[in-house]
Amino acid sequence: TTKRGTFGGLWGYVEIWFPWPLSNRAMVVKCETLDCLEERGALLIELLSGDYEEGKLPTTAEQCPRLWVKNLTKIVPLPPKPDGTPRSQFTLFCETDFQTPLTPKFLINFILKVMAPVVYSQVKELLESSFGGNSQFRSRMEDTPEMYGAIKESVEKYQSAEAKRQRELL
């Protein structure tokens, strides 16, 4: 952790396929998780574009232009389903510069009507399949208690307080 309630500082690289005649774009982002459960009832995940040592990336900016991204994801823990399955509500805010002057309308339609639903279903499938059982992500979470353990404790504390508050309202 860098300061109370802030976790991460991890860098990520992803290349995004774009339809012809455009070239693919890459995102190089730094990710931080902010624990705002006590104050706002949510975790915030911030992805911001930044400069990273080009020699360590799979492509150069000339080979694959960089997207400029400012992304904030709000995660609100919800009460579990009756069978105990955890639930969360995700809200995504994103501002992006595609590095394409006069972005064609077909590209905007493609992103909103084709890519967004595909990305949503891929993320949903990833969450359902990759974080349970003996997955590499489950192992990573267990091996990094200073980050994931602290977030888990904070979520459990928040959910306990919310359940108590709900019982008091009845």
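Arg66 belongs to strand S4, where helices (H or I, at least four residues) and strands (E, at least two) are DSSP runs numbered from the N terminus. Its side chain reaches the backbone oxygen of Cys64 at 2.9 Å. That is a polar contact, defined as a pair of N or O atoms within 3.5 Å; within protein, one must be able to donate a hydrogen and the other to accept it, and residues adjacent in sequence count only if both atoms are side-chain atoms.

Glu54 sits in the loop between strand S3 (42-49) and S4. With a relative accessibility of 36%, Glu54 is classed as partly exposed. Contact means heavy atoms within 4.5 Å; setting aside neighbours within four places in sequence, Glu54 is in contact with Thr59, Thr60, Ala61 and Arg66. Between Glu54 and Val28 the C-alpha to C-alpha distance is 9.9 Å, and the two are 26 residues apart in sequence.

## Basis of the model

Residues are numbered from 1 along each chain as its sequence is written, and side-chain values use heavy atoms, with hydrogens and water left out. The model is predicted: local features need pLDDT of at least 70, side-chain atom pairs count only at pLDDT 80 or more, and totals for chains, interfaces and linings use all residues.

## Overall architecture

The protein has four helices and five strands. Read from the N terminus, the order of elements is β-β-α-β-β-β-α-α-α. Of its 170 residues, 25% count as buried. Among contacts between residues at least 6 apart in sequence, 50% join residues at least 24 apart.

The accessible surface of the protein is about 12,200 Å², and 57% of this belongs to carbon and sulfur atoms. Accessible areas come from the Shrake-Rupley method with a 1.4 Å probe, and for residues only the protein chains shown count as cover.

## Strand pairing

Two strands pair if DSSP finds at least two bridges between them. S2 and S3 run antiparallel and are joined by eight bridges. Within this pairing, Glu32 has Glu46 of S3 as its bridge partner.

S3 and S4 also run antiparallel, with six bridges between them. Here the bridge partner of Leu48 in S4 is Lys70.

## Nonpolar cores

A nonpolar core is a set of buried Ala, Val, Leu, Ile, Met, Phe, Trp, Tyr and Cys residues joined through side-chain atoms within 4.5 Å. The largest one has ten residues: Ile16, Phe18, Leu22, Met27, Val29, Leu67, Val69, Leu107, Phe110 and Ile111. Strand S2 (25-36), strand S4 (66-78) and helix H2 (105-130) are the elements that give two or more residues to this core. H2 supplies the largest share, three residues.

Val69, one of the core residues, touches Met27, Val29, Leu47, Leu48, Ser49, Cys94, Glu95 and Thr96, not counting residues up to four places away in sequence.

## Salt bridges

The structure holds four salt bridges, each being a side-chain nitrogen of Lys or Arg within 4 Å of a carboxyl oxygen of Asp or Glu. In one of them, the side chains of Lys157 and Glu38 meet at 3.9 Å, N to O. Lys157 lies in helix H4 (residues 145-169) and Glu38 in helix H1 (residues 37-40), so this pair ties together parts that are 119 residues apart in sequence. Lys157 is exposed, at 59% relative accessible area, and Glu38 is exposed, at 61%.

Another joins the side chains of Glu95 and Lys70 at 3.7 Å, N to O. Glu95 lies in strand S5 (residues 87-97) and Lys70 in strand S4, so the link is between parts 25 residues apart in sequence. Glu95 is partly exposed at 42%, and Lys70 is partly exposed at 41%. Glu162 also forms a salt bridge with Arg165, the closest N and O atoms being 3.2 Å apart. These two residues are three apart in helix H4, so about one helical turn separates them. Glu162 is partly exposed at 25% relative accessibility, as is Arg165 at 39%.

Definitions and conventions. Buried means under 20% relative accessible area, exposed over 50%, partly exposed in between (1.4 Å probe, protein chains only).
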